[in-house]
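Here is a short report for a first look at this structure. Begin with the model itself, then read on.

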Amino acid sequence: MIQVGRAAREVALFCSDMHLGDHDAPTAALFLESLATHARAATHLFLLGDLFEAWVGDDQPDAVAQALVEALAALADRGVQVFALRGNRDFLLDVAFPDDAAQRPARRFSERSGATLLEDPSMVELFGERVLIAHGDALCIDDADYQRARAVARDPAWQRDFLRRPLDERLGIAADLRGESRRLQAARAMGGAAPGEVAQRAVDAALRAAGARTIVHGHTHRPGCHRWTLDGAQALRWVLPDWCAAAPARGGFLRVDPGGWTSIGLPAQPG
Ligand SMILES: [Mn+2]
């Protein structure tokens, strides 16, 4: 298990739902500037899914994606341990292309960025505490249509069939899925619909299964800190914000250090 806090100087930073892409340069600039500021003190960076608005494979031809890859690689070069898990927008992140694919990227996302891809959910130990980390969409179990779509998009056979296609075709399919063809089952998993809300019983079950009482996730775009009692113990659920540069700007990190948990918002907006 990943352990943070074996040395007192260690600092973990969490964020998610940046939804980066060439369609939104201001949000990419906002995020990359904020990351440069706050990652300076971090020893571990956790990206909890939906880093990108869309991801058709590790050959995604996207200048903003390349800028994030380079920023992560620079952090990794400085010794920061970078971890990422896949969201519902970028579920093909670092997924291997089949041998008979029309074309294949020279290097996978993890190789280019220095990030280690984690399963969703994963367990980490933070300063002696077991913490479950997840994107969050798997906890939205009350939306049966969404969960069916998620299962299709996460099916290895569906993914192989998709990655086998030429890049232009994959980009076209992704655009169609986000556009009019929402009746297709995979469409909602690839984006389009507004994110749902997690079901409390799914959160409780995930924490019990993990033997944890703290979870950090994103996806819902409803940032907050929820406390309740689970089997007689205090439970904690941190929800990360999504990022958007358009006023009123949204975004932020969660920081964990020997002093505890701190939510880091954006600096006050001018005007
Ligand atoms: Mn999401």
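A nonpolar core is a set of buried Ala, Val, Leu, Ile, Met, Phe, Trp, Tyr and Cys residues joined through C-beta atoms within 7 Å. In this predicted model, the largest such core has 67 residues. Those with the most contacts inside this core are A12, L13, F14, L20 and V216. Helix α2, residues 63–77, gives the core its largest share, 6 residues. In soluble globular proteins, nonpolar side chains tend to be buried together.

Leaving aside residues up to four places away in sequence, F14 touches F46, L48, V216, L240, F253 and L254.

Now the overall fold. The protein has 7 helices and 12 strands. Its radius of gyration is 18 Å, close to the 18 Å from the globule rule for 271 residues, so the protein is as compact as a globular protein of that length. The C-alpha trace spans about 50 × 45 × 40 Å along its principal axes. Of the 271 residues, 41% count as buried. Take the contacts between residues at least 6 apart in sequence: 73% of them join residues at least 24 apart.

| Strand pair | Bridges | Direction |
|---|---|---|
| β1 (residues 2–4) and β6 (residues 122–126) | 3 bridges | parallel |
| β6 and β7 (residues 129–134) | 5 bridges | antiparallel |

V4 stands opposite L126 in β6. V124 stands opposite V131 in β7. The hairpin of β6 and β7 has 2 residues between the strands. There, F127 takes a positive phi near 50°.

Notes:
Residues numbered from 1 in each chain as written. Predicted model: local features only at pLDDT ≥ 70, side-chain atom pairs only at ≥ 80, totals over all residues. Buried ≥ 20, exposed ≤ 12 C-beta atoms within 10 Å, placed from the backbone. Helix = DSSP H or I, 4+ residues; strand = E, 2+ residues; numbered from the N terminus. Contact = placed C-beta atoms within 7 Å. Rg over C-alpha atoms; globule rule 2.2 N^0.38 Å. Pairing = 2+ DSSP bridges.
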